[in-house]
Amino acid sequence: MRLVITEFISLDGVVQAPGGAEEDTDGGFAHGGWTHPFFDADVVGGAFDDAVEPAEALLLGRRTWQTMSQAWPERAGDPFADRINAMPKYVVSDSLTGEELPWNTTRVPGSEALALVRGLREAGGEGTLLVMGSPTLARTLLGEGLVDEVRLMRMPVILGGGKSLFPVDGGMRAFELVSTESAPTGAQVCVYRAARAES
């Protein structure tokens, strides 16, 4: 199974709170919902369809899982929502409690997350394990070299600060540009695959 990350991202590399004002205000972030003026149903929406279609499961951080688990079930009847709602989810969290989580979800303690991802990747298969949002989790996975593909929905806006997707550990990681598509709104969808070192 391949691990794919899909993210909205600003020109200055911010991925925080793309969907709404109260989604994530950590650090005093005041631009929640910044993607809305640039969303394009065909190009950006199509990119999400392309990412979700081969996914066998979602891997999410706690905050993203909480936001999505409250929003998507009520959209049942839409093919995209039905696909999202039906697939298994893993949420990485040490704070969520309860015997059973809603929305077809299994909780994974933070200390076990990397082992889970490695196990799923090594198990093979044609499908993908899809990470949406979840910047802290995504940054860790990139830092550990566990990401096979990154799909960036780059929006033509500078936000001046906020959470980033990328590790800041000084490590260099090469990716190959696979495709790019531009929307009339100025949004650009770029798909990158991890470059494999030549032996």
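Tutor: Let's begin with Arg193, which counts as partly exposed because its relative accessibility is 36%. Buried means under 20% relative accessible area, exposed means over 50%, and partly exposed is in between (1.4 Å probe, protein chains only). One heads-up: this is a predicted model, where local features need pLDDT of at least 70 and side-chain atom pairs count only at pLDDT 80 or more, while totals for chains, interfaces and linings use all residues. Also, residues are numbered from 1 along each chain as its sequence is written, and side-chain values use heavy atoms, with hydrogens and water left out.

Student: Okay! Which side chain does Arg193 meet in a salt bridge?
Tutor: That's Glu149, at 2.7 Å from N to O. A salt bridge here is a side-chain nitrogen of Lys or Arg within 4 Å of a carboxyl oxygen of Asp or Glu. Glu149 sits in strand S6 and Arg193 in strand S8 (residues 188-194), so the pair ties together parts that are 44 residues apart in sequence. Helices (H or I, at least four residues) and strands (E, at least two) are DSSP runs, numbered from the N terminus.

Student: Is Glu149 buried or exposed?
Tutor: Buried, because its relative accessible area is 3%.

Student: Why would those two pair up at all?
Tutor: Side chains of opposite charge can pair when their charged atoms come close. Here, Arg2, Glu149, Arg151 and Arg193 are linked in a network of salt bridges.

Student: How many salt bridges are there in the whole structure?
Tutor: A search finds ten. One of them joins Arg118 and Glu144, whose closest N and O atoms are 3.0 Å apart. Arg118 is in helix H4 (residues 113-122), and Glu144 is in the loop between helix H5 (135-143) and strand S6 (149-155), so this pair ties together parts that are 26 residues apart in sequence. Arg118 is partly exposed at 32%, and Glu144 is partly exposed at 40%.

Student: What does Arg121 pair with?
Tutor: Asp148, with the closest N and O atoms 2.9 Å apart. Arg121 is in helix H4 and Asp148 in the loop between H5 and S6, so they tie together parts that are 27 residues apart in sequence. Arg121 is partly exposed, at 24%, whereas Asp148 counts as buried, at 10%.

Student: New topic: where is Asn85?
Tutor: In helix H3. Asn85 counts as buried because its relative accessibility is 17%. A polar atom of the Asn85 side chain lies 3.2 Å from the backbone oxygen of Trp72.

Student: And Asp82, where's that one?
Tutor: Asp82 is in helix H3 too, which covers residues 79-86. Asp82 is partly exposed, since its relative accessibility is 35%.

Student: What about helix H1, is that enclosed or open?
Tutor: H1 (residues 43-52) is largely enclosed by the rest of the structure, because eight of its ten residues are buried. Among them are Val43, Phe48 and Val52.

Student: Last one: where's Ser164?
Tutor: In the loop between S6 and strand S7 (175-182). Ser164 is partly exposed, with a relative accessible area of 26%. The C-alpha atoms of Ser164 and Glu144 are separated by 16 Å, and the two residues are 20 apart along the chain.

Definitions and conventions: Polar contact = N/O pair within 3.5 Å; in protein donor to acceptor, adjacent residues only side chain to side chain.
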